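This report goes through selected side-chain contacts, backbone features and charged pairs in one protein model. Please keep the sequence and the coordinates at hand while reading.

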Amino acid sequence: MQNIPFLLLFVLASGFNFLLQEGLEFIDFRARKKDGGRVPKELFGYADSKLLKKTAAYENEKYFLFIPEHVLGFILSLVLVFAGYYVFLYDRLFRLTGSVYLTALLFSLLASLPGAILSIPFDFKREFDIERRYGFSTMTLGTWILDGIKGILLELVISCPLILLATFLLLYMPNYWWILLSAVSIALSLTFSFLYPVLIAPLFNKFTPLEAVELKGRLEALLKKTGFESQGIFVMDASRRSKHSNAYFTGMGRNKRVVLYDTLLDQLSIDETESVLAHELGHYKLNHIVRRLFASIPLIALFFFAVSVLIRIPGLYTAFGFEVETSVVLDGGKRLETAQPYMYFIGVFLCGLIAGPFSPLLSVVSNFFSRRDEFQADAFSAEACGRSRSLVTALIKLHKENLSELTPPKIYSVFNYSHPPLLERIRALEKPKNPNP
């Protein structure tokens with residue numbers, strides 16, 4: 001175990017991830033270039049070649065920005081490792097503070113700083129150039145800066161106590177920390193879901209009760225029919241930042257609420273809005289969210305257990321240039337050299353560096369189940385509303401208004417789409433049901 005080439009694994013995984021992402025985006029770009037103006041038969045009368053060409057141009061703009069951002073991000077990730085930035089940061093912080101807790105806290109914050117700085121000009125161009133030229137962004141510079149500050153403060157409020165708690169568990173419960181931290185992560189997720197609608201979301205947007213009488217009556221009748229109890233139906237002022245549209249329900253327990261973007265209400269008819277809401281309610285009634293939560297519990301525990309094994313190995317640290325103090329322990333009669341617990345938080349960070357590039361492979365699995373849930377929620381909407389056509393037209397409108405790709409390559413959607421592509425959803429909704437034998 002001592003000779004596992006952790007650095008080589010990091011480099012190979014990072015290189016694989018880079019080539020995979022570049023390859024997928026190029027495949028999608030090439031497909032747009034070939035068929036970007038061709039209208040599928042399912043969309044005759046709803047979309048024309050001009051709209052599809054505009055959609056392709058919009059996606060191409062984002063792709064051309066993705067290339068330098070992705071390349072520079074990949075180079076930066078390698079430079080930070082091979083130039084010894086993380087080793088330098090840890091050594092200086094530990095000497096300066098003399099505290100494992102402060103070192104862990106400051107290291108966690110400063111280690112992500114270079115990547116955050118790199119993303120700023122690309123985020124700015126995306127928001128104030130591409131999104132604005134295509135008629136989406138209504139963001140002011142002041143709102144953009146204020147949102148960034150709020151996001152940073154919110155992240156600090158959430159992450160700092162968690163980092164300190166994790167450091168305590170690593171120091172004083174080195175054999176069982178992964179069990180306790182798994183439980184804390186799950187509890188935090190539940191707490192966040194409960195508090196998000198009433199404490200966090202209002203920091204960024206204004207939510208007002210739905211006032212449209214006819215629409216409100218239809219939607220409240222749908223909520224009653226499906227047995228969904230919530231705080232009510234709210235309209236979010238999404239148009240303050242963007243003309244993109246959406247609808248969702250959020251929260252848990254007595255804090256559940258239905259949220260409609262104000263932009264969505266401008267784009268859809270009453271029937272279509274009802275169908276979209278029924279789709280969202282389908283996720284709740286079919287227990288998709290609860291199922292995902294329970295499915296994540298063993299995955300979180302398994303990940304932390306694997307990390308708990310790896311962070312004991314001195315070779316994990318020395319591979320990245322860290323000097324590591326060790327101690328000898330007996331395991332089944334064998335003498336094993338292990339890293340000291342005060343460095344375990346660095347080991348957790350390094351495991352994250354190595355595991356991060358494998359996330360696209362995990363997304364293939366999570367996207368598969370997510371797309372399955374979306375098909376089921378579509379079917380629930382059709383049954384609850386007694387029709388499927390209004391959901392079909394709503395999906396078409398939302399894709400048109402958001403300039404979303406209509407026919408992405410299959411391999412691209414497998415890796416990148418948590419929702420099925422539009423044509424797949426339309427075909428599933430319009431597929432005749434087999435009569436009972």
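Predicted model: local features only at pLDDT ≥ 70, side-chain atom pairs only at ≥ 80, totals over all residues.

Residues are numbered from 1 along each chain as its sequence is written, and side-chain values use heavy atoms, with hydrogens and water left out.

His-399 belongs to helix H15, residues 389–402, helices being DSSP runs of H or I with at least four residues and strands runs of E with at least two, numbered from the N terminus. His-399 is buried because its relative accessible area is 15%, the classes being buried under 20%, exposed over 50% and partly exposed in between, with a 1.4 Å probe and protein chains only. Apart from neighbours within four places in sequence, His-399 is in contact with Ser-404, Glu-405, Leu-406 and Leu-422, contact meaning heavy atoms within 4.5 Å. Leu-403, in the loop between H15 and helix H16 (410–416), has a positive phi of about 50° although it is not a glycine, and with 3% relative accessibility Leu-403 is also classed as buried.

His-283 lies in helix H10, residues 270–285, and is buried, since its relative accessibility is 7%. Its side chain is joined to that of Glu-374 by a polar contact of 3.1 Å. Not counting residues up to four places away in sequence, the residues that His-283 touches include Phe-249, Arg-292, Asp-373 and Ala-377.

Asn-287 sits in the loop between H10 and helix H11 (288–310). Although not a glycine, Asn-287 has a positive phi of about 60°, and its relative accessible area of 44% makes it partly exposed.

## Salt bridges

What is the count of salt bridges? The count comes to 23, a salt bridge being a side-chain nitrogen of Lys or Arg within 4 Å of a carboxyl oxygen of Asp or Glu. One of them pairs Asp-147 with Arg-241, with the closest N and O atoms 2.7 Å apart. This pair links distant parts of the chain, 94 residues apart, with Asp-147 in helix H6 and Arg-241 in the loop between strand S2 (233–236) and strand S3 (247–250). Both Asp-147 and Arg-241 are buried.

Glu-59 and Lys-62 form another salt bridge, with closest N and O atoms 3.3 Å apart; both lie in helix H2 (residues 49–82), three residues apart, or about one turn of the helix. Glu-59 is buried at 13% relative accessible area, whereas Lys-62 is partly exposed at 30% relative accessibility.

## Cysteines

The structure holds zero disulfides, a disulfide being a pair of cysteine sulfur atoms within 2.5 Å. Cys-160 is buried at 16% relative accessibility, and Cys-351 is buried with a relative accessible area of 5%.

Note on methods. Polar contact = N/O pair within 3.5 Å; in protein donor to acceptor, adjacent residues only side chain to side chain.
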